[in-house]
Amino acid sequence: MTRSRPLARSRSALTACALAASALAAVTALAFAAPAATAQPPVPRPAPPSPTAPHTGVVAEARTPARTPGRERAARTFREGRRATSGQAWTHHPRLPASPTGAADVTHNWWGVFPQPGTHDGIMATHTVDPSYTVTDADNVTYAPTTKAQNSCMEVVTAYTSTGNEIWAWDWCGTVGPAKTVPIDSDFLRTYTPGQGQPAAYSVQMVRDDATANRWSAYLYNYRTAAWDLLFRQSGTDQSGLDHGWDMFEIYASVNPATSEGYYCTEARNTVFDSSAVQLRAGGSWKPASPGDSPWTETDPDPNAFLCPPLKFVQVSADDHWTVHQ
């Protein structure tokens, strides 16, 4: 008996040490495993071009769009959906079911930043593109990213429609429709994205050239010539009915009965919609968009209101970079 007590105490000590070691190992394993449970960091974006780089070329691939049934249908969806939304409604960001093309339950929704009145006379941003994203239903269109300056005569749109993927210069001071289109093809990627293994993203700039005539010019940055190429120029009165600008993710979507989600939720499952380096020009100087001049449309959007429960809305920085992905 006298020998069994020390032995029992020894075994108890060994057991305690083993338990402590196991606990330490478990904590260590959790510590190393923790990063895997966190959100993935944003994909690196190419450095934005200088806003003051030469403005010398023209976008050779830009064309006056043919009035094909598919493009006209997508443009009508865009036009009527925008007109159905009053200025006050845009400010408060409602969820609006609409049927601009006669299709049932087409949902129009958006998220991003709204550069405010009186804060700028120019805007620029770097927008990702995904040539592999294919839209199958004619009533479903994704305009993302899309950007417009306050009272500018154009909006430059990354347009994914059932007729193909294009960059649109939407004319807000004249025809109120796509005035110029550029296909997102190999020529576009070679010229207007940085290449060399960097993400496929183009940079757009809109500036007011003449305040009296409200003349605006829209440019795409040519990575081969290191200069801005003119896409579209227009003057007149902005007919959007909105006094603020925007840089945002925007959808017109209907539910796919096979999935009970928006068609785009499946079709764009691997697509990242990203707008970075959003900058505003004021007093001749460019600076990043900020909370004071470019508030978020809302801080915590509901992905269900976009017919895509897996959708994530990431405020990468305040307020000049956002990402939407699944």
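A residue is called buried when its relative accessible area is under 20%, exposed when over 50%, and partly exposed in between, using a 1.4 Å probe and protein chains only. By that rule Thr-128 is buried, because its relative accessible area is 5%. The structure is a predicted model, in which local features need pLDDT of at least 70, side-chain atom pairs count only at pLDDT 80 or more, and totals for chains, interfaces and linings use all residues. Residues are numbered from 1 along each chain as its sequence is written, and side-chain values use heavy atoms, with hydrogens and water left out.

**Confidence**

- The average pLDDT (the predictor's confidence in each residue, from 0 to 100) is 83, and 78% of the residues score at least 70.
- Where pLDDT is low, the predicted coordinates should not be read in detail.

**Overall architecture**

- The protein has five helices and 18 strands; these are DSSP runs numbered from the N terminus, with helices (H or I) of at least four residues and strands (E) of at least two.
- Of the 326 residues, 50% are buried.
- Among contacts between residues at least 6 apart in sequence, 69% join residues at least 24 apart.
- The accessible surface comes to about 14,600 Å², and carbon and sulfur atoms account for 55% of that surface; accessible areas come from the Shrake-Rupley method with a 1.4 Å probe, and for residues only the protein chains shown count as cover.

**Strand S4: His-127 and Thr-128**

- His-127 is in strand S4, which covers residues 122-128, and Thr-128 lies in strand S4 as well.
- His-127 is buried, with a relative accessible area of 0%.
- The His-127 side chain makes a polar contact with the side chain of Ser-275 at 3.3 Å. A polar contact is a pair of N or O atoms within 3.5 Å; within protein, one must be able to donate a hydrogen and the other to accept it, and residues adjacent in sequence count only if both atoms are side-chain atoms.
- Leaving out residues up to four places away in sequence, His-127 touches residues including Pro-145, Tyr-202, Asp-247 and Asp-274.
- A polar side-chain atom of Thr-128 lies 3.1 Å from the backbone oxygen of Val-272, and one lies 2.9 Å from the backbone nitrogen of Asp-274.

**Strand S15: Val-278**

- Val-278 is in strand S15, residues 273-282, and is buried with a relative accessible area of 0%.
- The C-alpha atoms of Val-278 and Val-204 are 9.7 Å apart, while the two residues are 74 apart along the chain.
- Not counting residues up to four places away in sequence, Val-278 touches Met-124, Ala-125, Asp-247, Lys-287, Pro-288, Ala-289 and Asp-320.

**Loop between S11 and S12: Ser-235**

- Ser-235 sits in the loop between strand S11 (227-234) and strand S12 (246-253).
- Ser-235 is partly exposed, with a relative accessible area of 32%.
- Beyond neighbours within four places in sequence, Ser-235 contacts Cys-153, Cys-173, Ala-213, Asn-214 and Arg-215.
- The C-alpha atoms of Ser-235 and Ser-217, 18 residues apart along the chain, are separated by 8.8 Å.

Conventions
Contact = heavy atoms within 4.5 Å.
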